[in-house]
Each structure stands twice: as structure tokens, then as C-alpha cells.
Amino acid sequence: MATTQGRWDVPLPTGKSEVSLSAMSFLFSELVQYSQARSARSIVELERRLEDVGYEVGERMLEVLCLREKGRRRETRILGILGFLHTSVWKSLFGKVADALEKGVTEEDDEYMISDNDLVLNRFISVPKEMENSVNCGGSFAAGVVRGVLDAAGFPARVTAHAMPLPGTPAAATVGPGNTVSVPSRVRTTILIKLDRSVLQREARLAA
Amino acid sequence: MSASLVSVLSLYVINKSGGLIYNRDFVQRAAGRIDVSDAMRLGSIWFSLHAIAAQLSPTPNAKTLKSLHADTFHLHCLHVPSGTTFFIITNVPAPNQAQQHAQRAADVLQAVYAAYAKYVLRNPFYETEMPIRCELFDAALSALLSR
């Protein structure tokens with residue numbers, strides 16, 4: 001009988017290692033260029049392609065994170081899954097929890113928003129003036145991730161990314177030690193989640 | 001710290017093939033603004049001088065044309081391994097501060113290079129060797145050089 005270690009005996013990575021920000025930003029930059037090359041100059045299609053990639057990531061993130069966090073129960077309530085997104089998913093993907101989780105004001109109570117004041121993916125991207133105000137690369141990807149997680153967890157929804165200028169006067173770029181410059185983010189990225197009617201009905205049933 | 005030691009008047013960035021991809025004046029020039037096509041010509045000439053200096057050098061593989069001293073300004077240059085060249089026009093230092101000035105100018109150039117690597121090269125909308133039009137790069141340079 002063979003005594004070599006089989007493929008199934010190797011433990012899954014624990015997820016404690018971090019990837020360098022440079023590597024991630026170059027990879028994401030290449031992803032955007034790849035998507036743009038296949039998008040025939042249409043901004044809408046570029047965002048859709050980035051969202052699709054994010055969707056694939058989101059589906060898998062749900063499985064991996066649930067596996068890694070021992071003792072986590074399956075989320076069946078809306079606030080539970082949103083909290084999971086806001087905290088675990090953001091922390092695992094972007095190294096910090098999201099900045100805000102808010103409930104939108106609509107008559108059906110079906111809108112929620114997750115906001116990030118400094119989306120890591122957008123930190124080094126300067127959108128050219130022609131495309132200004134209409135393409136949000138990191139935002140589209142993040143929206144795709146959120147949609148993937150929600151779909152895989154059984155909460156179908158429509159997810160879109162929106163960018164708004166940060167309130168207050170824009171902070172100036174700062175020069176750190178060793179003459180490294182940091183330009184602070186001026187945009188707050190908000191992921192708007194519009195849950196499906198079926199989800200709301202189920203939530204109402206569970207709440208009763 | 002030594003903000004008054006080196007005062008950067010202008011910055012020029014030249015790509016691998018000698019074309020000007022970025023130029024910016026940080027201080028209003030008494031001689032008036034340089035026309036864009038003139039600036040491109042000046043950039044190519046400097047690029048050629050740099051190449052000539054490399055060939056004139058007695059030791060092989062030298063890419064060390066570092067500065068040009070004139071009566072009214074100093075020019076300091078950084079040529080990076082990828083082939084891009086950054087040069088700045090600065091003020092003339094006092095004679096006793098010449099060495100610190102040169103060292104400080106080299107530091108400034110390194111910082112500009114770092115900002116380039118950070119905000120230009122990681123921008124998916126920037127095509128390499130093309131003119132630089134990145135808002136974040138401009139903002140970074142303002143913080144670094146307009147003080």
C-alpha cells in the first residue's frame with residue numbers, strides 16, 4: 001500500500017497570510033485592462049465584466065470563510081448575512097471591515113447599503129476625464145462579490161455600486177517618512193443591495 | 001526640513017524612446033511658459049545628450065549623466081532601469097551647500113519615481129509610454145513638490 005501523502009491529506013490554507021498591496025493592485029489593474037479590451041469601449045460592459053468576476057469570487061468566499069470560522073452557523077436572517085459581508089468578507093478581501101452598514105428608506109424595506117470610504121482596489125486608479133463619474137472599477141468588482149455571496153447564501157438581490165464624494169473638504173495629499181506620498185481617497189463607494197421579494201417574505205415568516 | 005534647500009521649478013518625464021510624457025512647472029517662470037511642442041523637443045534633446053554621455057563614458061554601461069549646472073538653474077536627472085528618465089529644474093544652491101543640494105535633489109527624484117510607480121503604473125487606464133494623465137499622480141506631485 002502506498003504510504004506517500006495523498007492530495008487529500010494536505011490541509012487547506014488557513015487564510016492568515018497576506019498578499020502585498022502592490023501585487024494586488026497590479027493584478028487588479030491587469031484585470032481591468034483585460035476586461036476593457038473585451039468590452040468594445042462600452043463602459044457599461046466593462047463594469048458588467050468586472051462584476052461577473054466579482055460574482056465568482058463572492059460565491060467561493062462564502063464557502064471558504066464559513067469553513068475557516070469554526071462554529072459559524074448558517075446565516076438565515078438578513079441582518080446576519082449583511083453583518084457577515086460587512087465584517088468577515090470585507091476583512092478577508094480588503095484587510096479592514098467596511099465603514100458603514102445602513103438601511104435604505106423605501107416602503108418595502110428592501111434596500112441596504114454597505115459603504116467604504118477608501119476602497120483598496122480604487123486607491124491607485126485615476127479614471128480619465130472622458131470617463132469621469134461613470135466608471136467605478138473597484139466598486140463594480142465589490143458589487144459582484146456582494147451579489148455572489150448573497151446568491152450563494154440564498155438571498156437573491158440586485159446589487160449596484162455607487163460613488164459619492166466624501167463629505168467635508170477634500171484632504172490634501174500627505175508626504176510620509178522617506179518621501180512617500182499618499183493621496184487620500186475623495187470618494188465614498190456605496191454598494192446598494194436591493195433584496196428580492198422572496199427574501200423579504202421569508203424574513204417576515206421567520207420573524208413571526 | 002530642507003524645503004528651501006531645493007526648490008523644484010519644473011519636472012519633466014521622458015519615456016524609453018525619448019518622447020516627453022509629462023512636464024509641469026511648479027513655479028511661474030519669468031521667461032514665460034514653454035510651448036508644448038518646444039517642451040517635447042527639449043525632452044528629446046536631453047534624452048539624446050544622455051545617450052551620448054553614455055557612449056562617451058570610458059567605462060562601459062554607464063548611464064550616469066546626473067546633473068547640468070547653469071548660471072540660473074540646476075538640472076538633476078534620474079534614469080531608471082526601465083528606461084524612463086525623470087529630470088527636475090531647480091534653483092542654484094549657495095556654493096557651500098552644493099553637495100547637500102545634489103543629495104537632496106536625488107532624494108526628490110526618487111520620491112517622484114516612487115509616486116510614478118504608485119499612481120501611474122498601477123492605473124489600468126494608463127498606456128505605457130503614452131503621456132501621463134493621472135489625477136492621483138498630479139495630486140501626489142503637488143504635495144511633494146509645491147511646498
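I'm counting a polar contact as a pair of N or O atoms within 3.5 Å, where, within protein, one must be able to donate a hydrogen and the other to accept it. This is a predicted model. With that cut-off I get 6 residue pairs in polar contact between chain B and chain A, both residues at pLDDT 80 or more.

**Who supplies the B side.** I looked up which elements of chain B reach over: α2 (98–119) and α3 (135–145) each give at least two residues to the side touching chain A.

**Salt bridge.** I found 1 salt bridge between chain B and chain A. Glu135(B) pairs with Arg186(A), and their closest N and O atoms sit 3.7 Å apart.

**Extent.** I count 26 residues from chain A and 18 residues from chain B in the contact. The buried area comes to about 2000 Å², with carbon and sulfur atoms giving 60% of that. On the chain B side, Arg122(B), Pro124(B) and Phe125(B) lose the most area to chain A, together 39% of what that side buries.

**The sheet in chain B.** Next I traced the strands: 5 of them make an open, antiparallel sheet in the order β2-β1-β5-β4-β3. β2 (20–25) and β3 (67–69) of chain B are the edges, each pairing on one side only. I get an average twist of 10° from one strand to the next. β3(B) runs antiparallel to β4 (residues 74–79) of chain B over 3 bridges, and His69(B) stands opposite His74(B).

**Back to α3(B).** This helix also packs on the sheet, touching β1 (8–14) and β2 of chain B, and its direction makes about 45° with that of β2(B).

Note on methods:
Residues are numbered from 1 along each chain as its sequence is written. Chains are lettered from A and ligands numbered from 1 in the order in which they are written. This is a predicted model: local features need pLDDT of at least 70, side-chain atom pairs count only at pLDDT 80 or more; totals for chains, interfaces and linings use all residues. Side-chain values use heavy atoms; hydrogens and water are left out. Contact means heavy atoms within 4.5 Å. Buried area is the accessible area (1.4 Å probe) that two parts lose on being put together, summed over both. A salt bridge is a side-chain nitrogen of Lys or Arg within 4 Å of a carboxyl oxygen of Asp or Glu. A polar contact is a pair of N or O atoms within 3.5 Å; within protein, one must be able to donate a hydrogen and the other to accept it, and residues adjacent in sequence count only if both atoms are side-chain atoms. Helices (H or I, at least four residues) and strands (E, at least two) are DSSP runs, numbered from the N terminus. Two strands pair if DSSP finds at least two bridges between them. Axes are lines fitted to C-alpha atoms, for helices over the stretch in contact, and angles run from 0 to 180 degrees between N-to-C directions.
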